[in-house]
Amino acid sequence: MNRANQFFDKFLKNFDKVSDNEKKRIFERLSDLCYSQNTIIENLEEGIVSIDINGIIQGINKKACFLFSIPRNCENEPLSKYLSDSETGKIILELIKENDSDTKLLRDDDNKRILQINIFPLGESGRIIGTLIKAFDITQTYENSQKLKRAEQLASLTTLAAGVAHEIKNPLGSISIYIQLIEKIIKKNIDNSSQCFSELKDYCAIIKEEIGRLEDTINSFLFSVRKLELNLEETNINSLILSTIDFLKYEIENNNINMEIKFDRDNLIMRIDERYIKQSLINIIQNAIDSILEKSEKNYKKEIQIKLKTVDNFALITIKDNGIGIKEELLPKIFEPYFTTKRHGTGLGLTNVARIIEAHNGNINIESEYKKGTKVIIKLPLMQENQKFLKTDLLYG
Ligand SMILES: Nc1ncnc2c1ncn2[C@@H]1O[C@H](COP(=O)(O)OP(=O)(O)OP(=O)(O)O)[C@@H](O)[C@H]1O
Ligand SMILES: [Mg+2]
């Protein structure tokens, strides 16, 4: 017998002897206690229902009404009245009937929630007087753990795929060399003006093109799964942008694209990994070129603008095109690995760009309007963290 029971036992035995004032005081305290306990139960994150031995609802809190879609003021009604119409409800009634106290996870009928259900017998003086049903909405926790599990599975699958991709690279290299040898033999031994020679030449070109595509896909994939290790060096950003444009100049000129360059800062020196930032810029400018080529509008002034400026402690590089743009519903997907709208795209371009920019403690934003064009904004800190430390060391050293 606990202390409260002992107290009530004593109180009832001596009921006639207790003064009216004392009784009033005790009842007031009891009423306060009841009120505060009800408030706690009412506001619990867990849904709680108690039923008597005949299945009649004795008490129910707000959360249980919500989780089981039971109206308030349902006390003294059978619980089965509210639960027997739903699949989940039927399972709960069955658990109550069987007095199954194991923790159960149930998905509600419209698949919105996952509920953790516990059934406890309620006892008094050694006999069962009813049942307590506890329901806890664990959807978020459950989904998070599922996501984590999937991420782990994906990580091991990625490691496996990276191994396979690596294994494909070597024979691909050999195939490439042998095709070149075959080309040489063809040139040497087959009449250059014959039909056979031109057909073999075309077939070799196709094989080489396909090998090139496969190599690009494998390289992008391997790059996207490998740990990014930056080799930060003082780099002139202006020169880097110019050399990137130079790298793509044939495509730009052949397609009559007007390239406008505006540098608000000359010779901006930043500590970056030149190779990776160049790779990112190539990706973005290539996307801009592709988007311009995709626009079917005839004779329009094809334009790409590249701007560099500094704002506070950041360098802003903006690449704007007036190409096909991105449909609003597709915009949230463009950084997802393997998302592409192109026939031969890997969909890893922007995934890798984002990784590179984030590794430099910067960020990338893309604004776009379908059929009007796209603006890519790269924000890079003028000083990397390790530089800040270096400067402080020098100051106090
Ligand atoms: N400047 C842009 N204009 C219009 N659409 C764009 C632009 N940049 C990106 N996109 C859209 O985002 C998608 C993903 O781009 P991402 O660079 O990641 O892959 P990709 O260009 O399709 O393939 P890859 O980079 O391997 O050639 C593109 O397929 C395209 O639909
Ligand atoms: Mg791309």
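In what follows, a residue counts as near a molecule if one of its heavy atoms lies within 4 Å of it. This is a predicted model, in which local features need pLDDT of at least 70 and side-chain atom pairs count only at pLDDT 80 or more, whereas totals for chains, interfaces and linings use all residues. Residues are numbered from 1 along each chain as its sequence is written, ligands are numbered from 1 in the order in which they are written, and side-chain values use heavy atoms, with hydrogens and water left out.

I begin with the ligand. Ligand 1 is surrounded by 18 residues, and Thr340, Thr341, Lys342, Thr346 and Leu350 are the closest.

Next, the polar contacts, that is, pairs of N or O atoms within 3.5 Å. An oxygen atom of ligand 1 lies 2.4 Å from a side-chain N or O atom of Thr346, and for Thr340 the corresponding distance to an oxygen atom of the ligand is 2.5 Å. Asp321 places a polar side-chain atom 3.0 Å from a nitrogen atom of ligand 1. The protein buries 90% of the 590 Å² that ligand 1 exposes when taken alone (Shrake-Rupley method, 1.4 Å probe).

Which helix gives the most to the shell around ligand 1? It is α10, with 4 residues; helices here are DSSP runs of H or I with at least four residues.

By class, the shell holds 5 nonpolar, 11 polar and 2 charged residues. Here Asp, Glu, Lys and Arg count as charged, Ala, Val, Leu, Ile, Met, Phe, Trp, Tyr, Cys and Pro as nonpolar, and the others, Gly among them, as polar.

Conventions: Polar contact = N/O pair within 3.5 Å; in protein donor to acceptor, adjacent residues only side chain to side chain. Helix = DSSP H or I, 4+ residues; strand = E, 2+ residues; numbered from the N terminus.
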